[in-house]
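Subject: Structure handover

Hello,

Here is the structure for your records. Please open it alongside this message.

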Amino acid sequence: MTKEAIIKEFETIAGAENVMTGETDRHAYSYDAAVLDSVMPALVVRPRTSEVLGAVTKLCNDNGLPLTVRGAGTNLSGGTIPHPGGVVVLTNGLNRILEINEADMYAVVEPGVVTAQFAAEVAKRGLFYPPDPGSQAVSTLGGNVAENAGGLRGLKYGVTKDYVMGMDFWDVNGELVKTGSRTVKCVTGYNLAGLMVASEGTLGVFDKIILKLVPPAQAAKSMMAVFPSMKAASETVASIIANKIVPATLEMMDNFTIRTVENFRGAGLPVDAAALLLIEVDGHPGQVADEAAVVERICKENGATELHVAKDAAERDAVWQARRDALPALANLKPTCVLEDATVPRSKIPAMIEALEEIAKKLDLTIGTFGHAGDGNLHPTILTDKRNKEEWERVEKGIDMIFDKALSMGGTLSGEHGIGLAKSKYLAQETSKATLAYARRMKSVLDPKGILNPDKIVGAE
Amino acid sequence: MADIHKLAQMLKELDDQLVGCMRCGMCQAVCPIFKLSGKETDVTRGKLALLDGLASEMLTDPEGVNEKLNRCLLCGTCQANCPSGVSVMDIFLKARAIMTGYFGLSPAKKAIFRGLLKNPKLFNALTEMGAKFQGIFTKKVDDMLGSSCARFNAPIIADRHFNTLASKPFRKIVPEMDTPAGSSGLRVAFYVGCVIDKIYPQVGEAILKVLKHHGVGVYMPSGQACCGIPVLSSGDTSTFDTLVGMNVDILKEGEFDYLVTGCASCTSTIKELWPHMYKGDSSRTYDIGVLARKTMDISQFLVDVLKVEPKELAGGRSVTYHDPCHLKNSLGITAQPRTLIKAAGCDFKEMTDAGTCCGCGGSFNIAHYELSREIGSRKADNIIASKAKVAATSCPACMLQITDMLSQKGADMSVRHVIELYADSL
């Protein structure tokens, strides 16, 4: 088919108003939130119904057109950057919450539902959807599942994969595949839903997702503890867990980040502190009181110089505002902000922090580190200006070194941002050549023409 | 028209500001236009990417970029919520100026901006004539809201429900004023603004009544020109410079402690855009700086300076409040108007999403009425759902839009400026 004929075909299927071919429209879908070069797609299509989504997928496959599904485009590893000349399929026209079942505690959603809006709807019914990625105000549930997004509550409540009960997805032939169930237990067939989580759009196109809901905690208590060294702070983290307490959130900030946040907001953070821990325990009121007391004792035993326990909702919010400010405050310092998510086993956090400091010193880079200490998911944030070629080369080297370090400690390339284009080159290093070959073989069968988000995760062969 | 390479060179000026956008996409959560269309070109991240693409000569379609750039209310919500602190409004205003330099101003805008706004006398005379004859073309729709609609098929009016031009503009009621400080020991300059003068003179009268009540002297010179925001948002920087110059030259003649306005847009323009965007005769720079520092929204002046306090016993009319973007996003003023409503003894009812744009956006309403109406319609729904009897706000442009929206929905309520409510209570 000629290009014009293909465009006509897309318009027939999706409606002309849902097909964008102009230069400006295509340019606006050539990037995501990763610091990578943009790539212009040939066409952008916005299906409004499940059937159209399936038909669009089939049309792409029939014509060998690379297809990249895009929700809000907040991806931090280039997973939603299109393939040259490919098709971007927007899911924000598929944004209906199809069902929230209070009796059986699950929900069925279309992939384009915005995470925070979904969580709010669920909360209105007295239930709780815990995954809370930093971009939840705009990110979509489809994207969250495709990336296995995490968030601040990962330690106690798990990440997106822990809430995916099942899904319907379109295969490349435009056939609907159903997997999982609305029941808590289900072992019917392969766990394809599990396979689709974190597949970054390379194995199928999500149509409907069934998500698990839980009862919300009745009470919560937040506190901020100040430490004279990162070592003391990370030992506190280990000790809290060793005492059989799993806080809902357990976040850490290094001195550079503390100072930057304080400059940004002026909320009275201790700028001399080497490290801060932000801790929240939740659950039954009695349990919360007990656990908060133990956490307080552990912090003090490990040398916390100050400890602020939030007395009310306003103070609790102030604690979390400091954490929410970390990224914006760092992002304000320099034009380019490379937010990594190298993750290590919890016990290796002090060593990882030390390694990050060494890398920053050795390469003369500015790195602020904050992150989810409770689950070992750190966010070393490199501040730079991409236009400075010489410095950018050092940044790229720094990124290599960060992953080398994390992997050498038994860690992982990505806690929650995904592999995408940015980290596919390291994949075999963390896994094995055989793993990569297995993954590629599997993809080649499910997607023989290689149209589903090419080059992501498993890279170009 | 210059060549596209030249345009790219001009846009390079913005490079240092554009590079600050880390493309996180958080602007999608707050942009009123994106909320409707879901299109990346309608949200700030997309628009910044388009400007960047044009500057780096990756794009070849300046018309397309310009068209997308203009699909923006300039409400500033994205900037107020940007994690990277990108100066979006500054970038957009500069980009619009560059684009207007490249494409030229449309003949209609040229006639209105350079023919009318630059000549306040002619502008005044024409609107006065319009006020006399408008009855022939319009008919009343809602007495409570004071709205009218077109009697005949008129493309510019479409099916808007609007407040007609006042039969007697404010400048005819009170041509000028120069009174000494009273019991407060303070004197303010009163900058009237076009919409209060020509459509809502009663707001101007309310401001004078309140100032008199509090013993505040008033310097209000005649011959005030438009503050310049309409021309600046269309990229006409030369007319902007002229208008600022005209205003500064007459305002600086008076002695006063503060400059007050009853228009959120005028306030933020004088306070932020006059010092920042004025590129005219540099001998005025100092005076512009002084004026900007002295400028205050009227409710901010009453609450922060005169210490007006809320009344303990509310029980009066139930009132809800819409935050104008130019007060909330540009200047961070949200508490004072609410305090003033309570000081007026009204029963305050907070509406849902009080801080989201009403969809007016000045000339955006003219160029993109359908979008403007969809956004405004949601605002009206929230106002109605508040169950208040009065919708109050601090910007006459918002008043026009909200009146249109409420009138079209046949809502049983009135639209007032907060200062009118306070003046009523005195």
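Predicted model: local features only at pLDDT ≥ 70, side-chain atom pairs only at ≥ 80, totals over all residues.

For chain B the mean pLDDT is 92, and 97% of the residues reach at least 70.

The interface

Chain A contributes 30 residues to the contact and chain B contributes 32 residues. Between them, chain A and chain B bury about 2400 Å². Carbon and sulfur atoms account for 55% of that area. Counting residue pairs in polar contact, with both at pLDDT 80 or more, gives 13 between chain A and chain B.

Which elements of chain A each supply at least two residues of the side that touches chain B? They are α2 (23–27) and α12 (326–331). The largest share comes from α2(A), with four residues. By residue class, the side of chain A that touches chain B has 14 nonpolar, nine polar and seven charged residues.

There are four salt bridges between chain A and chain B. In a salt bridge listed for this model, the side chain of Asp25(A) meets that of Lys68(B), at 3.7 Å from N to O.

The annotated domain

The unreviewed UniProt entry annotates residues 37–216 of chain A as "domain: FAD-binding PCMH-type".

Salt bridges over all chains

Searching the whole structure turns up 48 salt bridges over all chains. One pairs the side chains of Glu110(A) and Arg96(A), at 3.0 Å from N to O. Glu110(A) sits in the loop between β6 (106–109) and α4 (115–124) of chain A, while Arg96(A) sits in the loop between β4 (87–90) and β5 (97–101) of chain A, so the pair ties together parts 14 residues apart in sequence.

Regards

Notes:
Residues numbered from 1 in each chain as written. Chains lettered and ligands numbered in written order. Heavy atoms only, no water. Contact = heavy atoms within 4.5 Å. Buried area = accessible area lost by both parts, 1.4 Å probe. Polar contact = N/O pair within 3.5 Å; in protein donor to acceptor, adjacent residues only side chain to side chain. Nonpolar A, V, L, I, M, F, W, Y, C, P; charged D, E, K, R; others polar. pLDDT = per-residue confidence, 0-100. UniProt positions renumbered as here; feature names shortened; annotations may be inferred.
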